[in-house]
Amino acid sequence: MPLPGYKVREIIQKLMLDGDRNKDGKISFDEFVYLLPKPFVLNPVFNKVKSSDIAKTFRKAINRKEGICALGGTSELSSEGTQHSYSEEEKYAFVNWINKALENDPDCRHVIPMNPNTDDLFKAVGDGIVLCKMINLSVPDTIDERAINKKKLTPFIIQENLNLALNSASAIGCHVVNIGAEDLRAGKPHLVLGLLWQIIKIGLFADIELSRNE
């Protein structure tokens, strides 16, 4: 139940009375810290425990949200205390879109069709072929088909495909900052879905012309 207005005013008046130490009508950050209970300010162990408890509660709240998949940080530096999430519905829609778009492409038969109920999508982009094909579907002739390595996919060849896909995605207007070939090869969900959405969106809006809507 929300507090009545007079209670809120009383709380504000008490905060100003106790916290406004220099009587300038404002509460500075230092004055705010002064108002905090002493354990928060003086006991770093207490702070650490409370912060950890809050973080765990927040992560549990995210995990409970229906249709949202949450995973820990995707690097050694960020794996502790951080979390990425993505929508199952988003993944499902992208898989169906790509399956339909590339169903007749002989170069993608090794991964198409993908099962939208599994993590097939994150594995399918690992060799770079699907990404290159999707870029060409969105903006035709962006990538010369002869430049896409489709056979004898050694780690070095796969790296070339992924670099080609990232450079081409950037060329058609995608933001690829902080997305590397290794991220795509590892199938990091939030990065894969973020890049695919940009590629698909560019393709969807490519044919829109203002003159058609006049």
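Where is the place of Pro113? Pro113 sits in the loop between H5 and H6. Keep in mind throughout that this is a predicted model. For context, most peptide bonds are trans, and most residues other than glycine have a negative phi.

Lys23 is not a glycine, yet its phi is positive, about 55°. You will find Lys23 in the loop between helix H1, 5-19, and helix H2, 29-35.

Now the confidence. The average pLDDT for the protein is 80, and 74% of the residues score at least 70. Two stretches should be read with care. Over residues 40-50 the pLDDT stays under 50, and the model has seven contacts beyond four places in sequence for them. Residues 76-80 are also below 50, and that stretch has two contacts in the model beyond near neighbours in sequence.

Next, helix packing, and I will take H7 to begin with. Helix H7 covers residues 129-138 and helix H8 covers residues 155-171; their axes are 8 Å apart and they pack at an angle of about 25°. Because of that angle, H7 counts as roughly parallel to H8. The two helices cross in a left-handed sense. On the H7 side the contact is made by Ile129, Leu131, Cys132 and Ile135, and on the H8 side by Asn161, Leu162, Leu164, Ala165, Ser168 and Ala169. Sorted by class, the contact of H7 with H8 has eight nonpolar residues, two polar and no charged.

H7 also packs against H10, at an angle of about 25° and with the axes 8 Å apart. So H7 is roughly parallel to H10 as well. From H7, the residues in this contact are Leu131, Met134, Ile135 and Ser138; from H10, they are Leu195, Leu196, Ile199, Ile200 and Gly203. Here the division is seven nonpolar, two polar and no charged.

What does H10 do with H5, then, and at what angle do they cross? Helix H5, residues 88-101, and helix H10, residues 189-205, have axes that come within 11 Å and cross at roughly 55°. That angle is why H5 is described as oblique to H10. The crossing is left-handed. H5 contributes Glu90, Lys91, Phe94, Trp97 and Ile98, while H10 contributes Leu193, Leu196, Trp197, Ile200 and Leu204. This contact of H5 with H10 has eight nonpolar residues, no polar ones and two charged.

One last item, the aromatic side chains. How many aromatic pairs does the structure hold? There are two. I will show one of them, Tyr86 with Phe122, which is edge-to-face, at 5.6 Å centre to centre and 75° between the planes. Tyr86 belongs to strand E2, residues 83-87, and Phe122 to helix H6, residues 120-124, so the pair links distant parts of the chain, 36 residues apart.

That is where I will stop.

Note on methods:
Residues numbered from 1 in each chain as written. Heavy atoms only, no water. Axes fitted to C-alpha atoms, helices over the stretch in contact; angles between N-to-C directions. Helix = DSSP H or I, 4+ residues; strand = E, 2+ residues; numbered from the N terminus. Parallel < 35°, antiparallel > 145°, perpendicular 65-115°, else oblique. Left-handed = near helix turned anticlockwise from the far one by under 90°. Contact = heavy atoms within 4.5 Å. Nonpolar A, V, L, I, M, F, W, Y, C, P; charged D, E, K, R; others polar. pLDDT = per-residue confidence, 0-100. Phe/Tyr/Trp six-rings, centres within 6.5 Å; stacked < 30°, edge-to-face > 60°.
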